[in-house]
Amino acid sequence: MKNESRHIRKRLERYDGLFYRNSVLFYGMALPFVVVACNTVKNGAALSIAMFMATIPAVLISSLFLEKLPLWSRAVFNSMVAMAFVVGSYYVVSPISAEIFDSLGMYLPMMAINTIMLTLCERYTAQKPGRAVRAAIRYSFGFGAVAMLVSAIREYLGNGTLWGIALPIPIKLYGLVTSFGGFILLAFLAVISKSIWNRVIARAERREASAGEDLPDEEPEAPVGEGSPA
(Lines give C-alpha, C1' and ligand atoms only; values in the text may rest on other atoms or scores of the structure.)
Protein backbone atom coordinates (compact mmCIF):
# COMPACT_ATOMS: atom_id res chain seq x y z
CA MET A 1 0.00 0.00 0.00
CA LYS A 2 2.84 2.37 0.77
CA ASN A 3 4.41 1.75 -2.64
CA GLU A 4 1.04 2.30 -4.34
CA SER A 5 0.48 5.54 -2.42
CA ARG A 6 3.97 6.74 -3.29
CA HIS A 7 3.37 5.89 -6.95
CA ILE A 8 0.06 7.76 -7.07
CA ARG A 9 1.48 10.83 -5.36
CA LYS A 10 4.42 10.81 -7.75
CA ARG A 11 2.03 10.94 -10.69
CA LEU A 12 0.21 13.85 -9.06
CA GLU A 13 3.46 15.83 -8.76
CA ARG A 14 2.90 17.15 -12.28
CA TYR A 15 -0.03 19.14 -10.86
CA ASP A 16 1.87 20.34 -7.78
CA GLY A 17 1.00 23.96 -6.99
CA LEU A 18 -1.90 24.00 -9.43
CA PHE A 19 -4.69 21.62 -8.39
CA TYR A 20 -2.82 19.13 -6.25
CA ARG A 21 -1.22 20.90 -3.26
CA ASN A 22 -2.34 24.31 -4.48
CA SER A 23 0.12 27.13 -3.87
CA VAL A 24 -2.40 29.07 -1.75
CA LEU A 25 -4.77 26.46 -0.29
CA PHE A 26 -2.11 23.88 0.63
CA TYR A 27 1.18 25.75 0.98
CA GLY A 28 -0.37 28.96 2.31
CA MET A 29 1.70 31.16 -0.01
CA ALA A 30 0.68 34.73 -0.90
CA LEU A 31 -2.15 34.70 1.64
CA PRO A 32 -2.36 38.49 2.23
CA PHE A 33 -3.06 39.13 -1.45
CA VAL A 34 -6.04 36.77 -1.45
CA VAL A 35 -7.35 37.49 2.05
CA VAL A 36 -7.17 41.30 1.90
CA ALA A 37 -7.13 42.43 -1.71
CA CYS A 38 -9.20 39.80 -3.56
CA ASN A 39 -12.65 41.15 -2.71
CA THR A 40 -13.68 41.98 -6.29
CA VAL A 41 -13.15 40.11 -9.54
CA LYS A 42 -11.26 43.07 -10.99
CA ASN A 43 -8.80 42.98 -8.11
CA GLY A 44 -8.39 39.24 -8.48
CA ALA A 45 -7.73 39.55 -12.21
CA ALA A 46 -5.19 42.35 -11.71
CA LEU A 47 -3.27 40.44 -9.03
CA SER A 48 -3.31 37.24 -11.12
CA ILE A 49 -1.79 39.11 -14.08
CA ALA A 50 0.85 40.68 -11.86
CA MET A 51 1.66 37.26 -10.36
CA PHE A 52 2.23 35.78 -13.81
CA MET A 53 4.36 38.67 -15.01
CA ALA A 54 6.48 38.79 -11.85
CA THR A 55 6.95 35.10 -11.07
CA ILE A 56 7.61 33.36 -14.38
CA PRO A 57 10.46 35.62 -15.64
CA ALA A 58 12.03 35.83 -12.18
CA VAL A 59 12.09 32.05 -11.76
CA LEU A 60 13.52 31.58 -15.26
CA ILE A 61 16.31 34.11 -14.66
CA SER A 62 16.96 32.56 -11.26
CA SER A 63 17.45 29.10 -12.75
CA LEU A 64 20.03 30.51 -15.15
CA PHE A 65 22.06 32.95 -13.05
CA LEU A 66 21.19 32.80 -9.35
CA GLU A 67 23.78 30.16 -8.47
CA LYS A 68 26.54 32.62 -9.35
CA LEU A 69 25.40 35.12 -6.71
CA PRO A 70 26.21 34.97 -2.98
CA LEU A 71 23.42 33.56 -0.83
CA TRP A 72 22.75 36.83 1.00
CA SER A 73 22.05 38.76 -2.21
CA ARG A 74 19.70 36.31 -3.91
CA ALA A 75 16.43 37.50 -2.39
CA VAL A 76 17.33 41.11 -3.23
CA PHE A 77 18.20 40.18 -6.81
CA ASN A 78 14.98 38.17 -7.25
CA SER A 79 12.87 41.03 -5.90
CA MET A 80 14.53 43.58 -8.19
CA VAL A 81 13.93 41.36 -11.22
CA ALA A 82 10.32 40.81 -10.22
CA MET A 83 9.79 44.52 -9.58
CA ALA A 84 10.86 45.34 -13.13
CA PHE A 85 8.13 43.06 -14.46
CA VAL A 86 5.57 44.28 -11.91
CA VAL A 87 6.13 47.80 -13.23
CA GLY A 88 5.46 46.44 -16.71
CA SER A 89 2.25 44.82 -15.47
CA TYR A 90 0.88 48.29 -14.66
CA TYR A 91 0.31 48.84 -18.38
CA VAL A 92 -1.53 45.52 -18.69
CA VAL A 93 -3.61 46.00 -15.55
CA SER A 94 -4.62 49.65 -16.05
CA PRO A 95 -7.36 48.95 -18.68
CA ILE A 96 -9.25 46.79 -16.16
CA SER A 97 -10.50 49.81 -14.22
CA ALA A 98 -9.65 53.46 -13.73
CA GLU A 99 -9.63 52.89 -9.95
CA ILE A 100 -7.72 49.61 -9.97
CA PHE A 101 -4.53 51.06 -8.49
CA ASP A 102 -6.41 52.82 -5.70
CA SER A 103 -8.36 49.64 -5.03
CA LEU A 104 -5.26 47.45 -4.76
CA GLY A 105 -3.16 49.96 -2.88
CA MET A 106 0.20 48.54 -1.83
CA TYR A 107 -0.64 44.97 -2.84
CA LEU A 108 0.22 45.40 -6.51
CA PRO A 109 3.83 46.57 -5.95
CA MET A 110 4.14 43.98 -3.17
CA MET A 111 3.93 41.30 -5.88
CA ALA A 112 7.67 41.89 -6.29
CA ILE A 113 8.23 40.14 -2.95
CA ASN A 114 5.49 37.51 -3.07
CA THR A 115 6.38 34.24 -1.36
CA ILE A 116 5.54 32.08 -4.39
CA MET A 117 8.17 33.80 -6.51
CA LEU A 118 10.84 33.89 -3.78
CA THR A 119 10.33 30.22 -2.87
CA LEU A 120 10.45 28.99 -6.45
CA CYS A 121 13.52 31.08 -7.25
CA GLU A 122 15.45 29.38 -4.46
CA ARG A 123 14.04 25.93 -5.16
CA TYR A 124 14.96 25.96 -8.85
CA THR A 125 18.35 27.63 -8.61
CA ALA A 126 20.67 25.95 -11.15
CA GLN A 127 17.81 23.69 -12.28
CA LYS A 128 16.83 23.12 -15.89
CA PRO A 129 15.08 26.27 -17.18
CA GLY A 130 12.21 24.29 -18.67
CA ARG A 131 11.47 22.61 -15.36
CA ALA A 132 11.66 25.92 -13.52
CA VAL A 133 9.29 27.65 -15.93
CA ARG A 134 6.76 24.80 -15.76
CA ALA A 135 6.73 25.04 -11.97
CA ALA A 136 6.32 28.83 -12.12
CA ILE A 137 3.39 28.47 -14.52
CA ARG A 138 1.70 25.85 -12.33
CA TYR A 139 2.06 27.89 -9.15
CA SER A 140 0.98 31.12 -10.86
CA PHE A 141 -2.07 29.42 -12.33
CA GLY A 142 -2.80 27.94 -8.91
CA PHE A 143 -2.71 31.39 -7.35
CA GLY A 144 -4.83 32.87 -10.15
CA ALA A 145 -7.49 30.16 -9.86
CA VAL A 146 -7.90 30.69 -6.11
CA ALA A 147 -7.73 34.48 -6.41
CA MET A 148 -10.47 34.57 -9.04
CA LEU A 149 -12.69 32.09 -7.18
CA VAL A 150 -12.37 33.91 -3.87
CA SER A 151 -12.88 37.29 -5.56
CA ALA A 152 -16.03 36.13 -7.34
CA ILE A 153 -17.57 34.64 -4.19
CA ARG A 154 -16.80 37.69 -2.06
CA GLU A 155 -17.95 40.24 -4.62
CA TYR A 156 -21.20 38.46 -5.42
CA LEU A 157 -22.22 37.47 -1.90
CA GLY A 158 -20.85 40.66 -0.31
CA ASN A 159 -21.76 43.35 -2.84
CA GLY A 160 -24.28 41.65 -5.15
CA THR A 161 -22.10 42.37 -8.19
CA LEU A 162 -19.67 40.62 -10.54
CA TRP A 163 -17.09 42.73 -12.39
CA GLY A 164 -19.03 45.73 -11.09
CA ILE A 165 -22.30 44.62 -12.71
CA ALA A 166 -25.25 44.38 -10.31
CA LEU A 167 -26.84 40.94 -10.06
CA PRO A 168 -29.94 39.80 -8.18
CA ILE A 169 -29.17 38.32 -4.76
CA PRO A 170 -31.61 37.66 -1.90
CA ILE A 171 -29.26 38.69 0.89
CA LYS A 172 -25.83 40.27 1.06
CA LEU A 173 -23.13 39.02 3.40
CA TYR A 174 -21.18 42.23 3.90
CA GLY A 175 -18.68 40.52 6.19
CA LEU A 176 -17.22 38.55 3.27
CA VAL A 177 -15.77 41.73 1.80
CA THR A 178 -13.68 42.30 4.91
CA SER A 179 -10.29 40.72 5.53
CA PHE A 180 -11.74 38.53 8.28
CA GLY A 181 -14.40 37.22 5.91
CA GLY A 182 -11.76 36.50 3.28
CA PHE A 183 -9.67 34.55 5.77
CA ILE A 184 -12.64 32.40 6.88
CA LEU A 185 -13.66 31.74 3.25
CA LEU A 186 -10.13 30.73 2.34
CA ALA A 187 -10.00 28.36 5.31
CA PHE A 188 -13.19 26.63 4.17
CA LEU A 189 -11.84 26.29 0.62
CA ALA A 190 -8.59 24.81 1.96
CA VAL A 191 -10.51 22.18 3.94
CA ILE A 192 -12.68 21.33 0.94
CA SER A 193 -9.64 21.06 -1.34
CA LYS A 194 -7.78 18.77 1.05
CA SER A 195 -10.84 16.57 1.52
CA ILE A 196 -11.32 16.19 -2.24
CA TRP A 197 -7.70 15.23 -2.85
CA ASN A 198 -7.69 12.76 0.04
CA ARG A 199 -10.70 11.03 -1.51
CA VAL A 200 -9.14 11.06 -4.98
CA ILE A 201 -5.92 9.48 -3.68
CA ALA A 202 -7.79 6.91 -1.58
CA ARG A 203 -9.95 5.91 -4.55
CA ALA A 204 -6.91 5.61 -6.81
CA GLU A 205 -5.15 3.44 -4.22
CA ARG A 206 -8.17 1.12 -3.97
CA ARG A 207 -8.37 0.90 -7.76
CA GLU A 208 -4.69 0.00 -8.10
CA ALA A 209 -4.90 -2.47 -5.22
CA SER A 210 -7.87 -4.27 -6.81
CA ALA A 211 -6.14 -4.26 -10.20
CA GLY A 212 -3.07 -5.86 -8.61
CA GLU A 213 -5.19 -8.58 -7.00
CA ASP A 214 -6.78 -9.43 -10.35
CA LEU A 215 -3.41 -10.03 -12.05
CA PRO A 216 -2.61 -13.74 -12.59
CA ASP A 217 0.14 -15.19 -10.46
CA GLU A 218 3.32 -15.68 -12.44
CA GLU A 219 5.47 -18.75 -11.93
CA PRO A 220 8.90 -17.80 -10.62
CA GLU A 221 11.66 -18.10 -13.13
CA ALA A 222 14.19 -20.84 -12.51
CA PRO A 223 17.67 -19.59 -11.61
CA VAL A 224 20.08 -19.43 -14.49
CA GLY A 225 21.70 -22.82 -15.02
CA GLU A 226 18.88 -24.92 -13.53
CA GLY A 227 16.87 -27.15 -15.87
CA SER A 228 19.38 -26.88 -18.71
CA PRO A 229 20.61 -30.10 -20.38
CA ALA A 230 23.88 -31.46 -19.09
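Is Cys-38 buried or exposed? Cys-38 is buried, with a relative accessible area of 0%; buried means under 20% relative accessible area, exposed over 50%, and partly exposed in between, using a 1.4 Å probe and protein chains only. These legends describe a predicted model, in which local features need pLDDT of at least 70, side-chain atom pairs count only at pLDDT 80 or more, and totals for chains, interfaces and linings use all residues. Residues are numbered from 1 along each chain as its sequence is written, and side-chain values use heavy atoms, with hydrogens and water left out.

**View 1. The whole chain, for orientation.** Eight helices and four strands make up the chain, in the order α-β-β-α-α-α-α-α-α-β-β-α. Here helices (H or I, at least four residues) and strands (E, at least two) are DSSP runs, numbered from the N terminus. Of the 230 residues, 40% count as buried. Among contacts (heavy atoms within 4.5 Å) with a separation of 6 or more, 73% join residues 24 or more positions apart.

View 2. Like Cys-38, Cys-121 is buried, at 0% relative accessibility. Counting a disulfide as a pair of cysteine sulfur atoms within 2.5 Å, the model has zero disulfides.

**View 3. The largest nonpolar core.** This core has 44 residues; a nonpolar core is a set of buried Ala, Val, Leu, Ile, Met, Phe, Trp, Tyr and Cys residues joined through side-chain atoms within 4.5 Å. Look for Leu-47, Met-111, Ile-116 and Phe-143, which have the most contacts inside the core. Elements giving two or more residues to it include α3 (41–65), α4 (74–93) and α7 (129–159).

**View 4. Met-111 and its neighbours.** Met-111 sits in the loop between α5 and α6 and is buried, at 0% relative accessibility. Leaving aside residues up to four places away in sequence, Met-111 touches Phe-33, Leu-47, Ala-50, Met-51, Ala-54, Val-86 and Phe-143. Phe-52 is 59 residues from Met-111 along the chain, and their C-alpha atoms are separated by 9.8 Å.

**View 5. Helix α3 against helix α4.** The two helices pack at an angle of about 145°, with their axes 8 Å apart. Axes are lines fitted to C-alpha atoms, for helices over the stretch in contact, and angles run from 0 to 180 degrees between N-to-C directions. Residues making the contact include Ala-50, Ala-54 and Ile-61 of α3 and Phe-77, Phe-85 and Val-86 of α4.
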